[in-house]
Amino acid sequence: MKTQKYKRVVLKLSGESLAGEQQFGIDPKVVNDIARQIKRIHDEKIEVAIVVGGGNIWRGLSGSAQGMDRASADYMGMLATVMNALALQDALEKINVFTRVQTAIEMREVAEPYIRRRAVRHLEKGRVVIFGAGTGSPYFSTDTTAALRAAEVKADVILMAKKGTDGIYDSDPNKNPNAKKFDRLAYIDILSLGLQVMDSTATSLCMDNKIPLVVFDIDRHENLYRAATGEEIGTTVESTK
């Protein structure tokens, strides 16, 4: 019998992973497939919290680069993450997975405000908790949100689902056919080598709180389930090698 490696996981989903091949917006077929994989994890009695990005709808940095005030652009990005969170909630509840969406920006008509103790209680009761609106503050990415929430709810691991890449490489494998893939890394390596995995704030937060990270390709069917049940896939990042 397989030993369960993780009891509580934080899944970091990029907004782009919800767009599928259309590159923009929300593809219901893709969202439904992700929801089915999350249900399999949930059925294994693993507690699941999710942080979802908003890049399929809006990117704050892109808006800022075009002259928009950075704070305003980031707040728009936070609202985009809530749209994705609600889409994921709908897909999960249609297959009988109880969920709660909690947002860092209060919008009581559509979601609960983020309260750490309440989030932990939902997880203990077997509900999937989806965190929307990032940290609630501009200038912070959803990668940082994932690191922060994982520390707050004492998750065993962050599962970072990437679109189109099966782990961490020393250079872009789409541009360099000789790019080397890492099976295991330390957080300090990410910082010292300047690897584009997550921003430096998120990396430092994970390193300081000793939260492992697994980076894998969400486009490969079953990878989400495999990562959550402790199978060695993608690249694992820890505080020390």
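In which helix is A35 found? A35 is found in helix α1. Helices here are DSSP runs of H or I with at least four residues, strands are E runs of at least two, and both are numbered from the N terminus.

The model is predicted: local features need pLDDT of at least 70, side-chain atom pairs count only at pLDDT 80 or more, and totals for chains, interfaces and linings use all residues. Residues are numbered from 1 along each chain as its sequence is written, and side-chain values use heavy atoms, with hydrogens and water left out.

Buried means under 20% relative accessible area, exposed over 50%, and partly exposed in between, with a 1.4 Å probe and protein chains only.

| Residue | Helix | Relative accessible area |
|---|---|---|
| A35 | α1 | 1% |
| Q89 | α3 | 16% |
| R149 | α5 | 4% |

Contact means heavy atoms within 4.5 Å. Leaving aside neighbours within four places in sequence, A35 is in contact with A91, L92 and I95. On the same terms, Q89 is in contact with T99, R100, V101 and I130. A35 and Q89 lie 54 residues apart in sequence but 8.5 Å apart in space, C-alpha to C-alpha.

**α1 against α3**

Helix α1 spans residues 28-43. Helix α3 spans residues 70-93. Their axes come within 9 Å and cross at roughly 60 degrees. That makes α1 oblique to α3. Axes are lines fitted to C-alpha atoms, for helices over the stretch in contact, and angles run from 0 to 180 degrees between N-to-C directions. Under 35 degrees counts as roughly parallel, over 145 as roughly antiparallel, 65 to 115 as roughly perpendicular, and the rest as oblique. V31, N32, I34, A35 and I38 in α1 meet A87, L88, A91 and L92 in α3.

Helix α4 covers residues 116-124, and its buried residues are A119, V120, H122 and L123. They cover an arc of only 160 degrees around the axis, which puts them on the same side of α4. The arc is taken from the directions from the helix axis to the C-beta atoms. Their cover includes β1, β2, β3, β4, β5 and α5. Just after α4, G126 takes a positive phi of about 90 degrees.

R149 sits in α5, residues 142-153. Not counting residues up to four places away in sequence, R149 touches V51, A104, Y114, F131, G134 and T135. The side chains of R149 and E152 are joined by a polar contact of 2.8 Å. A polar contact is a pair of N or O atoms within 3.5 Å; within protein, one must be able to donate a hydrogen and the other to accept it, and residues adjacent in sequence count only if both atoms are side-chain atoms.
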